[in-house]
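Subject: Structure handover

Dear colleague,

Here is the structure I said I would pass on. My notes on what was found in it come below.

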Amino acid sequence: MIPVLQPTPENLRLAADCLARGELVAFPTETVYGLGAHAFRPEALARIFEAKRRPFFDPLIVHVEDAAMAARVCARIDARARLLMERFWPGPLTLVLPKADAVPGIAVSGLPTVAVRMPDHPVALALLRACGFPVAAPSANPFGRLSPTAAAHVAAHFDEGLSLILDGGHCAVGVESTILSLEGETPVILRAGGLSREDIEAVAGPVSLSASPSGSGADPGRPLAPGQLPSHYAPRTPLRLLPRPGLPSPFPPSPPLPEGATGLLAFRGPVPAGFAGPVEILSDAGDLREAAANLFACLHRLDGRGLDLILAEPVPETGLGLAIMDRLRKAAAARH
Ligand code: TXA
Ligand code: MG
């Protein structure tokens, strides 16, 4: 059993000491729980890939305490990047910028760039302050599985490989950060996430969306396929994304559902009449922010019910709906 500790000053110190020695520590952020390692120590970073069984071509996000710490990680921070940091940090925006020499190649899969963000969570920030060095952290789940939005999710995923889990309650945003590349003239969203495209465009002007490889076609050997493998974020139970909101009518539909128990992940309340299986509702009122915050917890619960299939209702693709639909498409594309 990995110890789950409350974020007291003593435990934060303990966690920072573990990280300084090159050990792994799971900690809360506003998006999902991260599996952290000292960002400047290659052998510590290697442990992340080992613990997650994550392929080495998938680079990590480096977490910083503030823009000054970002300057130790990035070779250059131009005016556009500064503006985005000032406006959205701390928060669920990861910026891809030229990397500083201090960042080892294993953190970035040999890329000339580094993904960096300042999390908006008091425990994450207190931990970074106690460390005094940047902490690389992917989501604290085995590669390709559901992301953790509570300490108990992390504890259920791992029984070795990390020294401790800091408990910071439920993650308020609930989907991973938006990853924005600032390499070219037009910023590119590499992964839809907790900050909406609309919010970014209001500050940075038009941004483009990298072609979503959800479903098929992503080359898993391509280092720039960031978190974009089609089968990411998968529950163990097969998941089918419904073509439109509401239950297929008539229900059960034809072609029929497979033999066995079926659960429903609904966008909004009330529970649809005529559905007998377990139902999780993302947001009673149909609020996309609330739906994002509940997404992984609802999927974790449905996944724990021994179902044969999860039906998922689509959500509108505006605001955080873009990130939710991205995660649902990837869960639906998973090979079981
Ligand atoms: O909200 C989040 O971002 C969470 C919390 C823990 O902060 N972290 C997270 O990390 O989602 P992870 O490792 O699951 O996703 C990081 C993604 C990967 O898909 C990776 O490919 C991409 O960021 N990435 C990292 N460095 C990159 C780079 N230099 N260029 C392009 N993509 C990069
Ligand atoms: Mg992840």
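At 5% relative accessibility, L242 counts as buried, where buried means under 20% relative accessible area, exposed over 50% and partly exposed in between (1.4 Å probe, protein chains only). L242 sits in the loop between β12 and β13; helices (H or I, at least four residues) and strands (E, at least two) are DSSP runs, numbered from the N terminus. Not counting residues up to four places away in sequence, L242 touches P248, L264, L311, A312, E313 and P314, a contact being heavy atoms within 4.5 Å. Between L242 and T149 there are 24 Å in space, C-alpha to C-alpha, and 93 residues in sequence.

The conventions are as follows. This is a predicted model, in which local features need pLDDT of at least 70 and side-chain atom pairs count only at pLDDT 80 or more, while totals for chains, interfaces and linings use all residues. Residues are numbered from 1 along each chain as its sequence is written, chains are lettered from A and ligands numbered from 1 in the order in which they are written, and side-chain values use heavy atoms, with hydrogens and water left out.

Domains

The chain is divided into domain 1 (4–175) and domain 2 (239–332), with bounds that come from an automatic or database domain assignment. Their centres, taken over C-alpha atoms, are separated by 30 Å. Domain 1 puts 12 residues into the contact and domain 2 puts in 10 residues. Between them the two domains bury about 890 Å², 70% of it on carbon and sulfur atoms; buried area here is the accessible area (1.4 Å probe) that two parts lose on being put together, summed over both. On the domain 1 side, L146, H153 and V175 lose the most area to domain 2, together 57% of what that side buries.

The sheet of β12 to β15

Four strands make an open sheet with the order β12-β15-β13-β14 and parallel pairing; two strands pair if DSSP finds at least two bridges between them. β12 (239–241) and β14 (279–281) are the edge strands, each with a single partner, so one side of each has no neighbour in the sheet. On average, neighbouring strands are turned by 20° against each other, direction ignored. Axes are lines fitted to C-alpha atoms, for helices over the stretch in contact, and angles run from 0 to 180 degrees between N-to-C directions. β13 (residues 262–266) is joined to β14 by three bridges, and L264 stands opposite V279 in β14.

Nonpolar cores

A nonpolar core is a set of buried Ala, Val, Leu, Ile, Met, Phe, Trp, Tyr and Cys residues joined through side-chain atoms within 4.5 Å. The largest has 51 residues, of which V64, W89, L93, L95, L97, L162 and L180 touch the most other members. Elements that each supply at least two residues to this core include β3 (34–38), α4 (79–88), β5 (93–98) and α7 (151–157). α2 gives the most, with five residues. Leaving aside neighbours within four places in sequence, L95 is in contact with A81, L84, M85, W89, V114, A115, V116, L180 and L182. A second, separate core of 29 residues includes V32, L239, L282 and L328.

Helix α6

In α6 (residues 122–131) the buried residues are V123, A124, L125, L127, L128 and C131. Among the elements that cover them are α1 (9–20), β2 (25–27), β4 (61–63) and β8 (164–166). G132 follows α6 and has a positive phi, near 80°.

Backbone points to check

Most residues other than glycine have a negative phi, and most peptide bonds are trans. The exceptions found are these:

- W89 and P90 are joined by a cis peptide bond with omega about -5°; P90 is in the loop between α4 and β5.
- G269 and P270 are joined by a cis peptide bond with omega about -10°; P270 is in the loop between β13 and β14.
- R53, in the loop between α2 and β4, has a positive phi near 50°, and is exposed at 66% relative accessible area.
- S109, in the loop between α5 and β6, has a positive phi of about 55°.

Regards
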